[in-house]
Amino acid sequence: MELYLELKGKVPSKKNLTLFTKTGHVYPDPVIVTWMEISHWEIKSQLNKLEDKSFLPFKEIVKVKIEFETDRRSDLDNMVSSIFDLLQQAEVIENDRLIYELESKKIYSKEFITRVWITRS
């Protein structure tokens, strides 16, 4: 079984997930929170179009391939981490520890599109 997902928009880095006020209070970065909410909705709408959802969430070892159409400034490993967290939050995979094989690449583009393929290993 292979699942294909497509996300629009720039994938933010979860490296800077939290922000701090001058008084030391911690709060989540609104850019990341908004991206997670929108992307979660995008994934759910794509999953709703599937006829067979019985394999979701993936509970076995999987291979993930990710292509990021993005600008040069984006950091690949941080974008991958954001996608892994999103896949787990959207209940596509039970746990990102199940990802045993990863292929990822950046393609320079002024468009921001992320393509994700998930395959049982």
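This tour moves through a predicted model, naming at each stop what to select and what is found there.

As background, strands of a sheet pair through backbone hydrogen bonds, in either a parallel or an antiparallel way.

**Strand 4 and its partners**

Next, select strand 4, residues 62–70. Seven of its nine residues are buried, and the strand is thus described as mostly covered. With strand 5 (residues 99–108), strand 4 pairs in the parallel sense over nine bridges.

On its other pairing, strand 4 meets strand 6 (residues 113–120) in the antiparallel sense over eight bridges. Here I66 stands opposite V116 in strand 6. Strand 6 also pairs with strand 1, again in the antiparallel sense, over seven bridges; select L7 to find T114 of strand 6 opposite.

Select E69, which is found in strand 4. Is E69 buried or exposed? Its relative accessibility is 16%, and it therefore counts as buried, since buried means under 20%. The side chain of E69 makes a polar contact with the side chain of S109 at 3.4 Å. Leaving aside neighbours within four places in sequence, the residues in contact with E69 include I107, F112 and R115. E69 also belongs to a network of salt bridges that links E6, K8, E69 and R115.

**Salt bridges**

How many salt bridges does a search of the whole structure find? The search finds nine. One of them joins the side chains of E6 and K8 (3.4 Å, N to O). E6 is partly exposed, at 23% relative accessible area, whereas K8 is exposed, at 52%.

Then select D71 and K10, whose side chains meet in a salt bridge (3.1 Å, N to O). This pair links distant parts of the chain, 61 residues apart: D71 is in the loop between strand 4 and helix 2, and K10 is in the loop between strand 1 and strand 2 (18–20). D71 counts as buried at 10% relative accessibility, while K10 counts as partly exposed at 40%.

A further stop is E67 with K105, another salt bridge (3.9 Å, N to O). E67 lies in strand 4 and K105 in strand 5, so the pair ties together parts that are 38 residues apart in sequence.

**Loops**

Finally, select L56 and P57, which are joined by a cis peptide bond with omega of about -10 degrees. P57 is in the loop between helix 1 (30–48) and strand 4. In the loop between helix 2 and strand 5, select E91; its phi is near 60 degrees, a positive value in a residue other than glycine. For context, most residues other than glycine have a negative phi, and most peptide bonds are trans.

Terms used. Residues numbered from 1 in each chain as written. Predicted model: local features only at pLDDT ≥ 70, side-chain atom pairs only at ≥ 80, totals over all residues. Heavy atoms only, no water. Buried < 20%, exposed > 50% of the residue type's maximum accessible area, 1.4 Å probe, protein only. Helix = DSSP H or I, 4+ residues; strand = E, 2+ residues; numbered from the N terminus. Pairing = 2+ DSSP bridges. Polar contact = N/O pair within 3.5 Å; in protein donor to acceptor, adjacent residues only side chain to side chain. Contact = heavy atoms within 4.5 Å. Salt bridge = Lys/Arg side-chain N within 4 Å of Asp/Glu carboxyl O.
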